[in-house]
Amino acid sequence: MSIAKKEYKRVTVKTLVDMKSKGEKISMLTAYDYTMAKIVDGAGVDVILVGDSASNVMAGHETTLPITLDQMIYHASSVIRAIDRALVVVDLPFGTYQSDPKEALRSAIRIMKESGGHAVKLEGGKEIKESIKRILNAGIPVMGHLGLTPQSIYKFGTYTVRAKEEQEAQKLKEDALMLEKAGCFAIVLEKIPAKLARAVAESISIPVIGIGAGDGVDGQVLVLHDMLGMTHEFNPRFLRRYMNLYEEMTSAIGQYVSDVKSQDFPNEKEQY
Ligand code: KIV
(Lines give C-alpha, C1' and ligand atoms only; values in the text may rest on other atoms or scores of the structure.)
Protein backbone atom coordinates (compact mmCIF):
# COMPACT_ATOMS: atom_id res chain seq x y z
CA MET A 1 0.00 0.00 0.00
CA SER A 2 1.39 3.40 -0.91
CA ILE A 3 1.67 6.07 1.75
CA ALA A 4 0.83 9.58 0.56
CA LYS A 5 3.69 12.02 0.16
CA LYS A 6 3.87 14.23 3.25
CA GLU A 7 5.29 17.47 1.99
CA TYR A 8 3.89 19.43 4.93
CA LYS A 9 5.05 18.59 8.46
CA ARG A 10 1.91 19.88 10.10
CA VAL A 11 -1.16 20.89 8.13
CA THR A 12 -2.66 24.26 9.08
CA VAL A 13 -5.48 26.30 7.60
CA LYS A 14 -2.83 28.30 5.78
CA THR A 15 -1.33 25.12 4.31
CA LEU A 16 -4.67 24.34 2.67
CA VAL A 17 -4.91 27.75 1.02
CA ASP A 18 -1.29 27.32 -0.21
CA MET A 19 -2.18 23.89 -1.59
CA LYS A 20 -5.04 25.38 -3.56
CA SER A 21 -2.84 28.10 -4.99
CA LYS A 22 -0.28 25.48 -6.08
CA GLY A 23 -3.00 23.25 -7.56
CA GLU A 24 -2.23 20.45 -5.07
CA LYS A 25 -5.35 18.46 -4.21
CA ILE A 26 -6.42 18.16 -0.56
CA SER A 27 -7.32 14.78 0.95
CA MET A 28 -9.83 14.69 3.79
CA LEU A 29 -11.46 11.76 5.62
CA THR A 30 -13.59 11.45 8.70
CA ALA A 31 -12.45 9.78 11.92
CA TYR A 32 -14.12 9.56 15.30
CA ASP A 33 -11.77 7.55 17.52
CA TYR A 34 -8.10 7.24 18.47
CA THR A 35 -7.21 4.01 16.66
CA MET A 36 -8.71 4.94 13.31
CA ALA A 37 -7.39 8.52 13.50
CA LYS A 38 -3.86 7.18 14.09
CA ILE A 39 -4.10 5.12 10.87
CA VAL A 40 -5.66 7.96 8.86
CA ASP A 41 -3.06 10.48 10.03
CA GLY A 42 -0.17 8.04 9.49
CA ALA A 43 -1.35 7.38 5.92
CA GLY A 44 -0.92 11.05 5.08
CA VAL A 45 -4.46 12.43 4.98
CA ASP A 46 -4.31 16.23 5.12
CA VAL A 47 -7.53 16.96 7.00
CA ILE A 48 -9.39 14.76 9.47
CA LEU A 49 -13.03 15.67 9.91
CA VAL A 50 -14.65 14.66 13.18
CA GLY A 51 -17.98 14.71 11.38
CA ASP A 52 -21.39 14.61 12.95
CA SER A 53 -21.76 11.55 10.69
CA ALA A 54 -20.56 9.91 13.93
CA SER A 55 -24.26 10.04 14.76
CA ASN A 56 -24.84 7.53 11.92
CA VAL A 57 -21.73 5.37 11.77
CA MET A 58 -20.76 5.30 15.45
CA ALA A 59 -24.10 5.60 17.22
CA GLY A 60 -26.47 4.05 14.66
CA HIS A 61 -28.89 6.97 14.39
CA GLU A 62 -30.78 7.46 11.15
CA THR A 63 -29.75 11.13 10.88
CA THR A 64 -27.01 13.43 12.18
CA LEU A 65 -29.47 15.40 14.31
CA PRO A 66 -29.30 13.53 17.65
CA ILE A 67 -25.55 13.79 18.32
CA THR A 68 -24.72 16.21 21.16
CA LEU A 69 -21.93 18.70 21.73
CA ASP A 70 -20.56 16.56 24.59
CA GLN A 71 -20.48 13.53 22.30
CA MET A 72 -18.69 15.48 19.55
CA ILE A 73 -16.14 16.68 22.11
CA TYR A 74 -15.56 13.10 23.24
CA HIS A 75 -14.95 11.93 19.64
CA ALA A 76 -12.77 14.94 18.78
CA SER A 77 -10.55 14.62 21.85
CA SER A 78 -9.95 10.93 21.04
CA VAL A 79 -8.91 11.92 17.49
CA ILE A 80 -6.68 14.75 18.67
CA ARG A 81 -4.69 12.36 20.91
CA ALA A 82 -3.82 10.32 17.81
CA ILE A 83 -2.61 12.85 15.30
CA ASP A 84 0.85 14.18 14.45
CA ARG A 85 0.21 15.94 11.16
CA ALA A 86 -3.38 16.38 9.98
CA LEU A 87 -5.56 19.42 10.55
CA VAL A 88 -8.53 18.34 12.69
CA VAL A 89 -11.88 19.97 11.89
CA VAL A 90 -14.84 19.31 14.19
CA ASP A 91 -18.51 19.59 13.22
CA LEU A 92 -20.71 21.80 15.36
CA PRO A 93 -23.72 19.53 15.88
CA PHE A 94 -27.33 20.42 15.11
CA GLY A 95 -28.90 22.80 17.62
CA THR A 96 -25.65 24.27 18.93
CA TYR A 97 -25.27 27.25 16.56
CA GLN A 98 -28.50 27.97 14.70
CA SER A 99 -30.45 29.85 17.38
CA ASP A 100 -28.08 32.76 18.03
CA PRO A 101 -24.48 33.85 17.40
CA LYS A 102 -23.56 33.94 21.11
CA GLU A 103 -24.60 30.33 21.54
CA ALA A 104 -22.69 29.44 18.38
CA LEU A 105 -19.55 31.02 19.80
CA ARG A 106 -20.01 29.27 23.16
CA SER A 107 -20.33 25.92 21.34
CA ALA A 108 -17.26 26.54 19.19
CA ILE A 109 -15.23 27.59 22.25
CA ARG A 110 -16.21 24.40 24.05
CA ILE A 111 -15.02 22.33 21.06
CA MET A 112 -11.69 24.16 20.88
CA LYS A 113 -11.03 24.18 24.65
CA GLU A 114 -12.30 20.73 25.61
CA SER A 115 -11.23 18.68 22.57
CA GLY A 116 -8.17 20.50 21.29
CA GLY A 117 -9.60 20.55 17.73
CA HIS A 118 -8.10 23.00 15.27
CA ALA A 119 -11.21 24.35 13.52
CA VAL A 120 -14.99 23.95 13.39
CA LYS A 121 -17.40 23.25 10.53
CA LEU A 122 -20.94 24.65 10.29
CA GLU A 123 -23.65 23.84 7.76
CA GLY A 124 -25.42 26.67 5.94
CA GLY A 125 -25.08 30.00 4.17
CA LYS A 126 -26.42 33.45 4.83
CA GLU A 127 -28.87 32.23 7.51
CA ILE A 128 -25.92 31.58 9.83
CA LYS A 129 -23.65 34.42 8.69
CA GLU A 130 -23.68 36.22 12.06
CA SER A 131 -22.77 33.03 13.93
CA ILE A 132 -19.87 32.39 11.56
CA LYS A 133 -18.60 35.94 11.96
CA ARG A 134 -18.80 35.78 15.74
CA ILE A 135 -16.81 32.52 15.82
CA LEU A 136 -14.21 33.89 13.40
CA ASN A 137 -13.86 37.06 15.47
CA ALA A 138 -12.84 34.91 18.42
CA GLY A 139 -9.94 33.54 16.35
CA ILE A 140 -11.51 30.15 15.64
CA PRO A 141 -11.07 28.93 12.03
CA VAL A 142 -14.35 28.03 10.31
CA MET A 143 -15.02 25.62 7.44
CA GLY A 144 -18.35 26.14 5.66
CA HIS A 145 -20.62 23.40 4.30
CA LEU A 146 -23.11 23.96 1.45
CA GLY A 147 -25.18 21.86 -0.93
CA LEU A 148 -26.64 18.80 0.75
CA THR A 149 -26.50 19.73 4.42
CA PRO A 150 -27.60 16.63 6.37
CA GLN A 151 -28.64 18.63 9.45
CA SER A 152 -31.49 20.04 7.30
CA ILE A 153 -32.65 16.65 6.03
CA TYR A 154 -36.21 17.13 7.27
CA LYS A 155 -36.44 20.35 5.25
CA PHE A 156 -35.12 18.67 2.06
CA GLY A 157 -36.99 15.39 2.61
CA THR A 158 -34.39 13.31 0.72
CA TYR A 159 -30.65 12.86 0.29
CA THR A 160 -30.77 13.49 -3.48
CA VAL A 161 -28.48 15.83 -5.45
CA ARG A 162 -28.94 19.50 -4.46
CA ALA A 163 -28.82 22.74 -6.48
CA LYS A 164 -29.88 21.25 -9.82
CA GLU A 165 -32.34 24.13 -10.29
CA GLU A 166 -30.98 27.56 -11.25
CA GLN A 167 -32.42 29.36 -8.22
CA GLU A 168 -30.78 27.03 -5.70
CA ALA A 169 -27.52 27.01 -7.69
CA GLN A 170 -27.48 30.82 -7.63
CA LYS A 171 -28.03 30.89 -3.87
CA LEU A 172 -25.24 28.38 -3.37
CA LYS A 173 -22.84 30.54 -5.40
CA GLU A 174 -23.78 33.61 -3.35
CA ASP A 175 -23.38 31.70 -0.10
CA ALA A 176 -19.92 30.48 -1.14
CA LEU A 177 -18.82 34.06 -1.86
CA MET A 178 -20.26 35.18 1.46
CA LEU A 179 -18.36 32.43 3.33
CA GLU A 180 -15.12 33.44 1.64
CA LYS A 181 -15.71 37.12 2.39
CA ALA A 182 -16.60 36.39 6.02
CA GLY A 183 -13.21 34.69 6.44
CA CYS A 184 -13.87 30.93 6.28
CA PHE A 185 -10.70 28.99 5.37
CA ALA A 186 -12.45 26.32 3.25
CA ILE A 187 -15.87 25.08 2.18
CA VAL A 188 -17.29 21.56 1.83
CA LEU A 189 -19.70 21.14 -1.09
CA GLU A 190 -21.85 18.05 -0.75
CA LYS A 191 -23.74 16.26 -3.52
CA ILE A 192 -24.20 18.96 -6.15
CA PRO A 193 -23.62 18.91 -9.93
CA ALA A 194 -19.91 18.75 -10.85
CA LYS A 195 -20.21 21.73 -13.18
CA LEU A 196 -21.59 23.96 -10.44
CA ALA A 197 -18.94 22.79 -7.94
CA ARG A 198 -16.17 23.55 -10.45
CA ALA A 199 -17.59 27.03 -11.06
CA VAL A 200 -17.68 27.72 -7.32
CA ALA A 201 -14.11 26.44 -6.81
CA GLU A 202 -12.90 28.66 -9.65
CA SER A 203 -14.71 31.72 -8.32
CA ILE A 204 -13.16 31.79 -4.84
CA SER A 205 -9.62 31.69 -3.47
CA ILE A 206 -10.29 29.41 -0.47
CA PRO A 207 -10.24 25.62 -1.00
CA VAL A 208 -13.44 23.81 -1.93
CA ILE A 209 -13.57 20.21 -0.76
CA GLY A 210 -16.17 18.03 -2.42
CA ILE A 211 -18.16 14.95 -1.52
CA GLY A 212 -20.22 13.93 -4.51
CA ALA A 213 -19.27 17.24 -6.14
CA GLY A 214 -17.08 15.96 -8.99
CA ASP A 215 -13.47 16.46 -10.02
CA GLY A 216 -13.32 20.23 -10.47
CA VAL A 217 -12.86 21.06 -6.80
CA ASP A 218 -9.71 21.46 -4.69
CA GLY A 219 -10.00 18.30 -2.63
CA GLN A 220 -12.17 15.33 -1.72
CA VAL A 221 -13.72 14.05 1.49
CA LEU A 222 -15.36 10.71 2.24
CA VAL A 223 -16.73 9.09 5.36
CA LEU A 224 -14.03 6.62 6.51
CA HIS A 225 -16.41 3.75 7.26
CA ASP A 226 -17.95 4.06 3.80
CA MET A 227 -14.68 4.14 1.84
CA LEU A 228 -13.34 1.17 3.81
CA GLY A 229 -16.51 -0.77 3.04
CA MET A 230 -17.46 -1.24 6.71
CA THR A 231 -20.92 0.06 5.91
CA HIS A 232 -22.59 -1.78 3.07
CA GLU A 233 -26.14 -0.48 2.80
CA PHE A 234 -25.14 3.03 1.69
CA ASN A 235 -24.28 3.04 -2.03
CA PRO A 236 -24.32 6.52 -3.58
CA ARG A 237 -22.70 6.92 -7.00
CA PHE A 238 -19.94 9.17 -5.61
CA LEU A 239 -18.67 6.58 -3.14
CA ARG A 240 -15.53 4.67 -4.10
CA ARG A 241 -14.95 1.71 -1.80
CA TYR A 242 -11.26 0.94 -1.32
CA MET A 243 -11.88 -2.21 0.71
CA ASN A 244 -14.70 -4.52 1.64
CA LEU A 245 -14.07 -4.57 5.37
CA TYR A 246 -17.65 -5.61 6.11
CA GLU A 247 -17.00 -8.96 4.44
CA GLU A 248 -13.43 -9.31 5.68
CA MET A 249 -14.36 -8.55 9.29
CA THR A 250 -17.41 -10.78 9.21
CA SER A 251 -15.29 -13.63 7.91
CA ALA A 252 -12.51 -13.07 10.49
CA ILE A 253 -14.98 -12.86 13.37
CA GLY A 254 -16.83 -15.94 12.06
CA GLN A 255 -13.50 -17.81 12.01
CA TYR A 256 -12.84 -16.75 15.63
CA VAL A 257 -16.26 -18.02 16.72
CA SER A 258 -15.61 -21.32 15.00
CA ASP A 259 -12.08 -21.64 16.52
CA VAL A 260 -13.44 -21.02 20.03
CA LYS A 261 -16.24 -23.56 19.58
CA SER A 262 -13.90 -26.20 18.13
CA GLN A 263 -11.26 -25.46 20.84
CA ASP A 264 -8.69 -24.69 18.15
CA PHE A 265 -8.16 -21.34 19.94
CA PRO A 266 -6.14 -20.92 22.10
CA ASN A 267 -3.45 -23.41 21.08
CA GLU A 268 -0.40 -24.32 23.19
CA LYS A 269 1.65 -21.35 22.05
CA GLU A 270 -1.17 -18.95 22.89
CA GLN A 271 -1.23 -19.75 26.59
CA TYR A 272 1.02 -19.39 29.65
O1 KIV B 1 -20.29 14.68 9.00
C2 KIV B 1 -19.64 14.39 7.98
O3 KIV B 1 -19.07 13.31 7.83
C4 KIV B 1 -19.58 15.39 6.92
C5 KIV B 1 -19.00 14.97 5.61
C6 KIV B 1 -19.99 14.17 4.86
C7 KIV B 1 -18.50 16.11 4.82
O8 KIV B 1 -20.00 16.51 7.11
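Here are a few friendly questions and answers about this predicted model.

Reader: How far apart do the C-alpha centres of domain 1 and domain 2 lie?

Author: Happy to start there. The protein is divided into domain 1, residues 13–241, and domain 2, residues 244–272. The contact between them takes four residues from each of the two domains. As for the C-alpha centres of domain 1 and domain 2, the distance is 38 Å.

Reader: Which residues of domain 1 lose the most area to domain 2?

Author: Domain 1 and domain 2 bury about 390 Å² between them, with 68% of it on carbon and sulfur atoms. Across this interface the rule finds zero salt bridges. On the side of domain 1, 80% of the buried area comes from three residues together: Leu 228, Met 230 and His 232.

Reader: Is Val 260 buried, partly exposed or exposed?

Author: Val 260 sits in helix α11, which covers residues 245–261. Because Val 260 has a relative accessibility of 36%, it counts as partly exposed.

Reader: Is Ile 153 buried or exposed?

Author: Ile 153 has its place in helix α7, residues 153–156. Leaving aside neighbours within four places in sequence, Ile 153 is in contact with Thr 63, Leu 65, Thr 158 and Tyr 159. A residue under 20% relative accessible area is called buried. Ile 153 has 6%, so the word for it is buried.

Notes:
Residues are numbered from 1 along each chain as its sequence is written. This is a predicted model: local features need pLDDT of at least 70, side-chain atom pairs count only at pLDDT 80 or more; totals for chains, interfaces and linings use all residues. Side-chain values use heavy atoms; hydrogens and water are left out. Helices (H or I, at least four residues) and strands (E, at least two) are DSSP runs, numbered from the N terminus. Buried means under 20% relative accessible area, exposed over 50%, partly exposed in between (1.4 Å probe, protein chains only). Domain bounds come from an automatic or database domain assignment. Contact means heavy atoms within 4.5 Å. Buried area is the accessible area (1.4 Å probe) that two parts lose on being put together, summed over both. A salt bridge is a side-chain nitrogen of Lys or Arg within 4 Å of a carboxyl oxygen of Asp or Glu.
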